[in-house]
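Welcome, and thanks for taking a look at this one.

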Amino acid sequence: MIKTQKLRNRFALPPFLKTASAVILLLILGACGQKPDDSGQALAVINGKPITISEFDVRWAQLPEYARNKYPGPEGRKKFLDELIDREVLLQEARKRGIDRDRIVLERLERFKEPSILDVLMREEVDSRVTVSSEETKTYYDAHPGSFTAPEEFRASHILVKTDAEAADLKKRLAQGEDFAALARKASIDTTTRSKGGDLGMLKKGQTVPEFEKAVATLKPGEVSQPVATQFGYHLIKLVERVPGPAMTYEDAKDQVKDQVLIEKKQRRFKELVTSLRANANLRVQDAPIPDLSPRAAVPAPDAR
């Protein structure tokens with residue numbers, strides 16, 4: 001099953017702007033941002049340029065929730081306005097120096113805009129043109145028997161102790177041949193599983209803490225983990241068995257199936273679009289070696305003396 005995720009970049013105003021790269025970023029954001037509503041009431045005027053209530057509200061809305069928490073109450077809003085003023089005086093100074101017309105800045109601005117431009121194109125030429133019917137979903141499900149299953153289950157045992165040193169000592173004893181269940185009965189502080197030799201029974205993903213699940217994912221049946229720290233203490237985990245999840249019925253799986261069909265149809269539409277554009281482009285690939293981008297040691301600059 002393939003999952004897609006949209007990543008949205010949000011730029012919040014930093015409390016302090018100390019570097020040249022930060023000023024360049026401000027230039028880019030200033031060029032891409034909305035023009036302030038000059039008809040609105042001005043909260044401040046810097047060299048004739050007002051910061052209006054509407055601009056303040058727009059900039060405030062752009063902040064993620066955690067960043068807004070840094071500006072509590074009326075005093076926090078005043079602090080935010082002060083930082084908008086700082087931003088504006090820096091932008092004005094940068095423009096006065098012609099930095100906004102610098103070739104490198106303009107190139108960075110173009111690269112900054114590219115993802116948004118491509119995102120709109122993909123929505124127009126791919127997303128809006130692809131749909132999935134119920135018939136397609138059922139046909140795909142029937143053509144891929146066993147591909148859609150419930151999450152696997154696993155059976156594990158553990159020994160829980162208070163310190164890393166205790167866990168390391170028990171790990172050595174297991175390596176010397178002592179029985180896992182017997183050690184669990186003697187040493188584990190988990191009163192629920194101790195009498196059962198540490199047996200946790202059958203588990204599904206999400207039923208244990210992330211650190212525990214991450215360790216289990218690396219084990220083969222019969223193997224014992226290194227000491228694993230969690231909020232409860234230190235665990236030695238033995239994977240007993242993995243049981244594949246059962247095949248899902250169409251009714252249970254149809255949402256997953258539809259998502260999968262949608263992804264595959266979008267991939268095909270994308271390839272068709274690119275193939276068509278390349279076929280109609282005046283394209284010439286130069287017969288030149290492609291630069292080696294593999295990591296390598298930095299070459300020292302030649303001595304200019």
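**Helix α5 and the overall picture**

Helix α5 covers residues 103–125, and at 1.5 Å a residue its 23 residues should span 33 Å; the end C-alpha atoms lie 32 Å apart, which agrees. Please keep in mind that this is a predicted model. The chain holds 10 helices and 6 strands, and of its 305 residues, 30% are buried. Among contacts between residues at least 6 apart in sequence, 65% join residues at least 24 apart.

**More on helix α5**

- At the start of α5, a side-chain oxygen of Asp102 comes to within 3.0 Å of the backbone nitrogen of Ile104.
- Further along, α5 bends by about 30° at Glu114, and within four residues of that point follows a proline, Pro115.
- Val105, Leu109 and Glu125 are buried residues of α5.

**A look at Glu125**

- The side chain of Glu125 makes a polar contact of 3.4 Å with the side chain of Arg129.
- Which residues does Glu125 touch once neighbours within four places in sequence are set aside? Glu125 is then in contact with Arg269 and Leu273.

- Strand β1 (residues 42–46) and strand β2 (residues 49–52) run antiparallel and are joined by 4 bridges.

**The four-stranded sheet**

- In what order do the strands of the open sheet of 4 strands come? The order is β4-β3-β6-β5, and the pairing is antiparallel.
- At the edges stand β4 (199–204) and β5 (228–230); each has a single partner strand, so one side of each is left without a neighbour in the sheet.
- From one strand to the next, the twist averages 45°.
- Within this sheet, how many bridges join strand β3 (residues 153–161) to strand β6 (residues 233–243)? There are 9 bridges, and the two strands run antiparallel.
- In the pairing of these strands, Glu153 stands opposite Val243 of β6.

**Helices against the sheet**

- Helix α8 (residues 180–187) packs on the sheet and touches β3 and β6. The direction of α8 makes about 45° with that of β3.
- Helix α9 (residues 210–217) lies across β3, β4, β5 and β6. Relative to β6, α9 runs at about 50°.

Conventions:
Residues are numbered from 1 along each chain as its sequence is written. This is a predicted model: local features need pLDDT of at least 70, side-chain atom pairs count only at pLDDT 80 or more; totals for chains, interfaces and linings use all residues. Side-chain values use heavy atoms; hydrogens and water are left out. The expected span of a helix is 1.5 Å times one less than its number of residues. The bend at a residue is the angle between axes fitted to the seven residues ending there and the seven starting there. Buried means under 20% relative accessible area, exposed over 50%, partly exposed in between (1.4 Å probe, protein chains only). A polar contact is a pair of N or O atoms within 3.5 Å; within protein, one must be able to donate a hydrogen and the other to accept it, and residues adjacent in sequence count only if both atoms are side-chain atoms. Two strands pair if DSSP finds at least two bridges between them. Axes are lines fitted to C-alpha atoms, for helices over the stretch in contact, and angles run from 0 to 180 degrees between N-to-C directions. Contact means heavy atoms within 4.5 Å.
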